[in-house]
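Please read the points below with the model open.

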Amino acid sequence: MESQIEMMLRGSRFKKMITDQLAEVRIKYGLRRVEAETVYYLSNCGEKNTLKDVAYHLGMNKGHISQALEKLCEQGYLIAVPDKSDRRYIHYLITDKGNLLSDEMKAVWMRMTQRIFEGVTEEQMRVLQEIASKIGENMNRILDE
């Protein structure tokens with residue numbers, strides 16, 4: 001049991017599964033993994049759409065994300081909009097072209113999650129969500145220390 005929990009927390013198998021499942025979409029659009037993940041994040045993030053937000057969410061360094069954001073803007077998937085009150089910040093907004101990519105990724109994600117949670121009851125999902133939320137809070141507290 002402990003090895004299964006550790007494996008889930010490390011996320012390496014999950015990350016490999018996502019990478020494998022999204023490969024076809026990434027190849028179709030000619031994007032690297034970080035670029036595809038950036039578009040997907042920005043399509044769901046609401047107001048948390050700065051370089052810092054993307055880097056924090058994806059767990060990557062700002063330099064790597066900065067390059068991805070620049071390329072995605074050049075290719076028309078995103079637009080960069082300076083913050084109205086603080087020009088040091090730039091907000092990245094998804095374009096219609098970016099939404100097409102995101103929609104394809106969401107469809108792959110839905111198919112994948114349906115398969116992952118096959119046979120899991122609604123009650124089990126509720127408990128899993130509660131546990132995952134608590135674990136996430138604990139991890140954030142540890143990282144903030």
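1. The largest nonpolar core has 26 residues, and Leu42, Ile65, Tyr77, Leu78 and Leu101 touch the most other members. A nonpolar core here is a set of buried Ala, Val, Leu, Ile, Met, Phe, Trp, Tyr and Cys residues joined through side-chain atoms within 4.5 Å; buried means under 20% relative accessible area, with exposed over 50% and partly exposed in between (1.4 Å probe, protein chains only). At least two residues of this core come from each of H2, H3, H4, H5 and H6, and H3 supplies the largest share, 5 residues. Helices (H or I, at least four residues) and strands (E, at least two) are DSSP runs, numbered from the N terminus.

2. This is a predicted model, in which local features need pLDDT of at least 70 and side-chain atom pairs count only at pLDDT 80 or more, while totals for chains, interfaces and linings use all residues. Residues are numbered from 1 along each chain as its sequence is written, and side-chain values use heavy atoms, with hydrogens and water left out.

3. Isoleucine 65 is in contact (heavy atoms within 4.5 Å) with Val34, Thr38, Leu51, Val54, Ala55, Leu58 and Met60, leaving aside neighbours within four places in sequence.

4. Helix H3 (residues 33-42) is largely enclosed by the rest of the structure, because 8 of its 10 residues are buried. These are Val34, Glu35, Ala36, Glu37, Thr38, Val39, Tyr41 and Leu42. The cover over them includes helices H2 (12-29), H4 (51-58), H5 (62-74) and H6 (96-116), together with strands E1 (78-82) and E2 (90-94).

5. Not counting residues up to four places away in sequence, glutamate 37 touches Leu58, Met60 and Met105.

6. The structure holds 1 cavity of 30 Å³ or more. A cavity is a set of points, on a 1 Å grid over the protein atoms alone, where a 1.4 Å probe fits but cannot get out; lining residues have an atom within 4 Å of a point. The largest cavity has a volume of about 30 Å³, a volume being the space filled by probe spheres set on the points.

7. The largest cavity is lined by Ile18, Thr19, Leu22, Arg26, Arg33 and Glu37. H2 and H3 are the elements that give two or more residues to this lining, and H2 gives the most, with 4 residues. By class, the lining has 2 nonpolar, 1 polar and 3 charged residues; Ala, Val, Leu, Ile, Met, Phe, Trp, Tyr, Cys and Pro count as nonpolar, Asp, Glu, Lys and Arg as charged, and the others, Gly among them, as polar.

Notes: On a 1 Å grid over the protein atoms alone, a cavity is a set of points where a 1.4 Å probe fits but cannot get out, and a pocket is an open set with protein on both sides within 12 Å along at least five of seven lines; lining residues have an atom within 4 Å of a point.
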